Amino acid sequence: MEPIKITIPTPFAVGDVNSYLLKGDALTLIDAGPKTPEAWEALKAGLKAANVAPEDIEQVVLTHHHPDHAGWVDGFDAAKLYGHPYNDLWLRRDEAFFDYHDAFYQERLKEEGVPGDLMFWMKKMKRPLNLMGNRPLDMAINEGDTIPGHADWHVMETLGHAQSHLSFWNPEERTMIGGDHVIAKVSSNPLIEPPYNPEEGRPKSLLQYNSSLSRLLKMPIDVIYSGHGEDVRNVHELVSTRLEKQHLRAMKVLDMLDRSSEQSVYELTQQLFPHAYEKELGLTLSETIGQVDYLLEDGLIEERLNDQGIFVYRQA
Ligand SMILES: [Zn+2]
């Protein structure tokens with residue numbers, strides 16, 4: 001059976017977010033909108049249209065922890081909550097993780113060469129926790145599992161946009177519930193986030209994202225029910241185009257560098273996004289770091305830690 005789409009407003013630039021209702025051996029809601037009164041009204045109305053009351057929902061499953069998806073997990077007391085283990089660190093407000101989170105970003109901003117008051121940027125970049133739910137996961141799910149009560153929906157770990165990102169694949173129907181992994185209108189930002197396991201160091205989000213995207217090219221998928229906007233029907237074509245465009249963006253960054261002078265991630269970001277970098281520093285830095293990781297991986301550029309503790313890059 002097709003998932004029932006519920007469109008929910010958000011206060012974020014991305015616009016509306018989609019939740020999906022799955023009817024199977026369990027009644028399951030995938031994603032739960034941001035924790036705003038408007039979103040709760042939209043969720044309730046969407047459920048009502050499907051003849052479901054909030055207290056009927058038996059399970060809430062998250063595609064990832066971002067507040068536009070993980071807000072109203074608090075609205076379904078009777079339901080079990082499932083998702084990638086990374087969600088739990090946020091939803092429980094894990095103090096050790098939050099300390100590590102802040103230290104992680106401070107270190108990143110420093111090595112990226114961001115000047116001035118780093119605490120100012122840290123505060124600005126912090127996720128709006130008040131719009132994110134606050135309850136622990138009842139069970140972690142991941143690659144290899146199926147959604148409990150929905151044996152036809154297989155869990156895929158699709159990291160890149162978030163370190164918690166899961167997609168749900170239905171091979172019989174050739175459909176996928178894709179969260180923010182693939183969005184029709186915009187390319188997903190490969191956000192830099194602290195890793196689940198601190199020993200692993202900074203995740204190379206764009207490389208993760210590309211490999212999660214490339215997996216889709218080998219799968220027969222007719223429709224992706226996306227976390228934002230309309231369904232994606234030309235999946236392979238869209239994925240190929242996104243991968244090509246990313247490659248071209250990386251080549252643009254390569255052109256900005258030469259063999260003699262070196263530049264930091266911050267300097268590259270200023271040139272790539274002259275009008276956006278101050279307002280959206282976190283997003284734009286993530287984009288640039290992605291291209292830098294990609295070029296490093298291909299051996300096209302070289303990295304050096306300078307005497308101010310800033311990573312600088314030049315053509316190889
Ligand atoms: Zn997201």
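Predicted model: local features only at pLDDT ≥ 70, side-chain atom pairs only at ≥ 80, totals over all residues.

User: Which residues coordinate the zinc ion?

Analyst: His-64 (NE2), His-66 (ND1), His-161 (NE2) and Asp-180 (OD), at 2.2 to 2.5 Å. Donors here are N, O and S atoms within 2.8 Å of the metal (3.2 Å for Na, K and Ca); water is not among the atoms, so sites may look incomplete.

User: How are the donor residues spaced in sequence?

Analyst: The pattern is H-x1-H-x94-H-x18-D. His-64 and Asp-180 link distant parts of the chain, 116 residues apart. His-64 sits in the loop between strand 4 (59-61) and strand 5 (80-83), Asp-180 in the loop between strand 10 (175-179) and helix 5. Helices (H or I, at least four residues) and strands (E, at least two) are DSSP runs, numbered from the N terminus.

User: Are His-64 and Asp-180 buried or exposed?

Analyst: Both His-64 and Asp-180 are buried. Buried means under 20% relative accessible area, exposed over 50%, partly exposed in between (1.4 Å probe, protein chains only).

User: Why is the arrangement around the zinc ion called irregular?

Analyst: Because the 4 donor atoms subtend angles of 84 to 175°. Four donors count as tetrahedral if all angles lie between 85 and 135 degrees; four count as square planar and six as octahedral if opposite donors are over 155 degrees apart and all others between 65 and 115; anything else is irregular.

User: Switching to voids. How many cavities of 30 Å³ or more turn up?

Analyst: The search of the whole structure finds 1. On a 1 Å grid over the protein atoms alone, a cavity is a set of points where a 1.4 Å probe fits but cannot get out, and a pocket is an open set with protein on both sides within 12 Å along at least five of seven lines; lining residues have an atom within 4 Å of a point. Grid points are joined across faces, edges and corners, and a volume is the space filled by probe spheres set on the points.

User: Which helix gives the most to the cavity lining?

Analyst: Helix 5 does, with 4 residues. Helix 5 (205-217), helix 6 (235-256) and helix 8 (281-297) each supply at least two. The lining includes Tyr-209, Arg-242, Glu-287 and Pro-190. By class, the cavity lining has 4 nonpolar, 5 polar and 3 charged residues. Ala, Val, Leu, Ile, Met, Phe, Trp, Tyr, Cys and Pro count as nonpolar, Asp, Glu, Lys and Arg as charged, and the others, Gly among them, as polar.

User: What does Pro-190 contact?

Analyst: Beyond its neighbours within four places in sequence, Pro-190 is in contact with Gly-160, His-161, Ser-205, Leu-206, Ser-286 and Glu-287. Contact means heavy atoms within 4.5 Å. One of those partners, His-161, is also a zinc donor. Pro-190 lies in the loop between strand 10 and helix 5. Its relative accessible area is 3%, so Pro-190 is buried. The C-alpha atoms of Pro-190 and Gly-160 are separated by 5.3 Å, though the two are 30 residues apart along the chain.

User: And the largest pocket: what is its volume?

Analyst: About 1400 Å³. Of its 50 lining residues, Arg-127, Asn-189, Leu-191, Glu-280 and Leu-283 are the closest to the centre. Helix 8 has the largest share of the lining, 8 residues. By class, the pocket lining has 22 nonpolar, 11 polar and 17 charged residues.

User: Where are Arg-93 and Arg-174?

Analyst: Arg-93 is in the loop between helix 2 (85-91) and helix 3. Arg-174 is in the loop between strand 9 (166-170) and strand 10. Arg-93 is partly exposed, at 22% relative accessible area. Arg-174 is partly exposed too, at 36%.

Technical notes. Residues numbered from 1 in each chain as written. Heavy atoms only, no water.
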